[in-house]
Amino acid sequence: MMSERDLSEFWCWHEDCPDYGKKGAGNIVLKEFYGKNNAALLKCRTCGHCFSETRGTPFFGLTTLLNLTIRNSLARFVRKTMNCSKILKRHTHAFNFFQAWYNFVKPHKSLRLEVNQGIKRWGQRTPAMAEGLTDHIWTLKELMTFRVPVQ
Ligand SMILES: [Zn+2]
């Protein structure tokens with residue numbers, strides 16, 4: 001997935017580790033490559049736990065989860081039903097809308113950030129927030145009424 005990895009950009013995801021969440025602590029090493037996308041399996045030398053380089057990114061668990069999410073979210077992708085696309089243009093529009101919803105409206109558990117404000121421990125994030133495109137979770141109304149700027 002990534003050809004050159006700057007290991008100082010990664011941190012340990014194991015909450016009980018003394019180096020948990022510390023970037024550039026020198027504890028992260030490359031263990032091996034795995035899967036279809038040749039993703040790197042990284043290892044924390046402090047606690048010995050392993051995690052994927054895609055952990056915490058929109059790519060984490062993508063190959064299996066995205067297909068499932070699409071089939072569960074879009075009626076026209078559900079198997080063995082009467083809901084199917086009859087017109088390609090509408091099918092494309094529906095899928096484009098799903099993509100916008102998936103990236104701007106739906107908070108992803110793998111992207112959440114730890115916050116320590118009172119009782120709430122996790123701050124929800126969308127892929128668009130993780131990419132720095134927006135600073136908040138959009139509402140459906142916000143998405144539907146957004147005017148795309150002319151370039
Ligand atoms: Zn660790």
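Let's start at Ala-40: setting aside neighbours within four places in sequence, this residue is in contact with Arg-5, Leu-30, Phe-33 and Glu-53. Being in contact here is a matter of C-beta atoms, placed from the backbone, lying within 7 Å of each other. Before we go on, please note that this is a predicted model, where local features need pLDDT of at least 70 and side-chain atom pairs count only at pLDDT 80 or more, while totals for chains, interfaces and linings use all residues. Residues are numbered from 1 along each chain as its sequence is written.

How confident is the predictor? The pLDDT score gives its confidence in each residue on a scale from 0 to 100. Averaged over the chain it comes to 83, and 89% of the residues reach 70 or more. Confidence is lowest in helix α1 (residues 62-73), with a mean of 69, and highest in helix α4 (residues 140-144), at 94.

Now for the overall layout. There are 4 helices and 5 strands in the chain, arranged along the sequence as β-β-β-α-α-β-β-α-α. Both kinds of element are DSSP runs numbered from the N terminus, helices being H or I with at least four residues and strands being E with at least two. Among contacts with a separation of 6 or more, 37% link residues 24 or more positions apart.

Let's look at the sheet next. Three strands form an open sheet in the order β1-β2-β3, with antiparallel pairing. β1 and β3 (50-52) stand at its edges with a single partner strand each, so one side of each has no neighbour in the sheet. On average, neighbouring strands here are turned by 30° against each other, direction ignored; the axes behind such angles are lines fitted to C-alpha atoms, for helices over the stretch in contact, and angles run from 0 to 180 degrees between N-to-C directions. Strands count as paired if DSSP finds at least two bridges between them. β1 and β2 are joined by 6 bridges; along them, Glu-32 stands opposite Leu-41 and Tyr-34 has Ala-39 as its bridge partner. β2 and β3 share 3 bridges, with Leu-42 opposite Phe-51. The hairpin of these two strands has 5 residues between them, and Gly-48 there takes a positive phi near 85°.

Which residues make up the largest nonpolar core? It has 9: Phe-10, Trp-11, Cys-12, Ile-28, Ala-39, Ala-40, Leu-42, Cys-44 and Phe-51. Strand β2 (residues 39-44) gives the most to this core, with 4 residues. A nonpolar core is a set of buried Ala, Val, Leu, Ile, Met, Phe, Trp, Tyr and Cys residues joined through C-beta atoms within 7 Å. A residue is buried with 20 or more other C-beta atoms within 10 Å of its own, exposed with 12 or fewer, and partly exposed in between, with C-beta atoms placed from the backbone. Of the chain's 151 residues, 11% count as buried.

Asn-27 sits in the segment before β1 (28-34). It counts as partly exposed because it has 19 C-beta neighbours inside 10 Å. Not counting residues up to four places away, Asn-27 touches Cys-12, Asp-19, Cys-44, Arg-45 and Thr-46.

β4 pairs with strand β5 (residues 120-123) in the antiparallel sense over 3 bridges, and Gln-117 has Lys-120 as its bridge partner. Their hairpin has 2 residues between the strands, where Gly-118 takes a positive phi near 70°.

Key
Contact = placed C-beta atoms within 7 Å. pLDDT = per-residue confidence, 0-100.
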